[in-house]
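Hi there,

Here is the structure we talked about, with the sequence alongside.

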Amino acid sequence: GGYATMQGTSMASPHVAGAGALLKALHPDWTAAEIQSALMTTSFSGVIDTDGVSPAGPFDVGAGRIDLAQAGAAGLLLDETTADFEAANPADGGIPSELNLPSMGQDQCVGTCSWTRTVENVLATAGSWTASTSADAGMSISVSPSSFSLNPGETQEIVVTADVNGAPEGEWLFGHIFLTEDGAQAPDTHMPVAA
């Protein structure tokens, strides 16, 4: 017998499906979209490029490498419905960036662009979160409200705004927002931003 090292989408897909199945067993009440958000918002973003040395670029990293232990402990989740996914189809005039997903992107951001997201506290207790951001030079990101408290099951709408007024035209800039639970009951919730 022998073995082979395999990588890429063909191997990532079964790993993520298996991780999703384990999260569903741990949290049977979580929807598929909530499981996706748990995997994305708690992932490890310090991914190395295929050369084994260089940091991977933002489009290669995406949300990052899944961390199943962190995902199972997620405190904030984002949910979305099948109907909303279908309505967001750009072929039918939909706007995908309006979906309640844990990543934000806009390929035609003139000056500023904003996204609205709704997060839910899935902890067994009340929690308070504070937002922080990081961004490439030429981009600033703000989150409103910058802090909030939620009882279990409560939701909070947040507005993320990217200001790219200092950026050269036609250049992608990247950043992240972080929602940190003040009592350290849950891992940071992080979401990538691209404009």
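Ser-149 lies in strand S6, where helices (H or I, at least four residues) and strands (E, at least two) are DSSP runs, numbered from the N terminus. This is a predicted model, in which local features need pLDDT of at least 70 and side-chain atom pairs count only at pLDDT 80 or more, while totals for chains, interfaces and linings use all residues. Residues are numbered from 1 along each chain as its sequence is written, and side-chain values use heavy atoms, with hydrogens and water left out.

Is Ser-149 buried or exposed? With a relative accessible area of 52%, Ser-149 is exposed; buried means under 20% relative accessible area, exposed over 50%, and partly exposed in between (1.4 Å probe, protein chains only). Not counting residues up to four places away in sequence, Ser-149 touches Gly-127, Ser-128 and Glu-154, a contact being heavy atoms within 4.5 Å. Ser-128 is 21 residues from Ser-149 along the chain, yet their C-alpha atoms are separated by 4.0 Å. The two side chains also make a polar contact (2.6 Å). That term stands for a pair of N or O atoms within 3.5 Å; within protein, one must be able to donate a hydrogen and the other to accept it, and residues adjacent in sequence count only if both atoms are side-chain atoms.

Now to the sheet around that serine. Five strands form an open sheet in the order S2-S9-S8-S4-S6, with mixed pairing; two strands pair if DSSP finds at least two bridges between them. Strand S2 (104-105) and strand S6 (147-150) are the edge strands, each pairing on one side only. S6 runs antiparallel to strand S4 (residues 127-135), and four bridges join them. Gly-127 stands opposite Leu-150 in S6.

How many of the six residues of strand S9 (residues 189-194) are buried? Six of the six are, so S9 is largely enclosed by the rest of the structure. Thr-189, Met-191 and Val-193 point one way from the strand, and His-190, Pro-192 and Ala-194 the other way.

Four strands form an open sheet in the order S1-S3-S7-S5, with antiparallel pairing. Strand S1 (76-77) and S5 each have a single partner strand, so one side of each is left without a neighbour in the sheet. S3 and S7 are antiparallel and pair over nine bridges, and the bridge partner of Thr-116 in S7 is Val-159.

The largest nonpolar core has 26 residues, of which Val-160, Ile-177, Leu-179 and Val-193 touch the most other members. Such a core is a set of buried Ala, Val, Leu, Ile, Met, Phe, Trp, Tyr and Cys residues joined through side-chain atoms within 4.5 Å. Strand S3 (112-121), S4, strand S5 (140-144), S6, strand S7 (155-163), S8 and S9 each supply at least two residues of this core. A second, separate core of nine residues includes Ala-19, Ala-38, Leu-39 and Ala-74. Leaving aside neighbours within four places in sequence, Leu-179 has contacts that include Leu-76, Val-119, Trp-129, Phe-148, Ile-158 and Met-191.

Helix H2 (residues 32-41) is largely enclosed by the rest of the structure, because eight of its 10 residues are buried. Among them are Ala-33, Ile-35, Leu-39 and Met-40.

For your cysteine list, the structure holds one disulfide, counted as a pair of cysteine sulfur atoms within 2.5 Å. This link joins Cys-109 to Cys-113 (S to S 2.3 Å) and is left-handed, with -100° about the S-S bond. Cys-109 counts as buried at 16% relative accessibility, and so does Cys-113 at 9%.

Finally, the whole chain. The secondary structure of the protein chain comes to five helices and nine strands. Of its 195 residues, 36% count as buried. Residues 24 or more positions apart account for 62% of the contacts with a separation of 6 or more.

Best wishes
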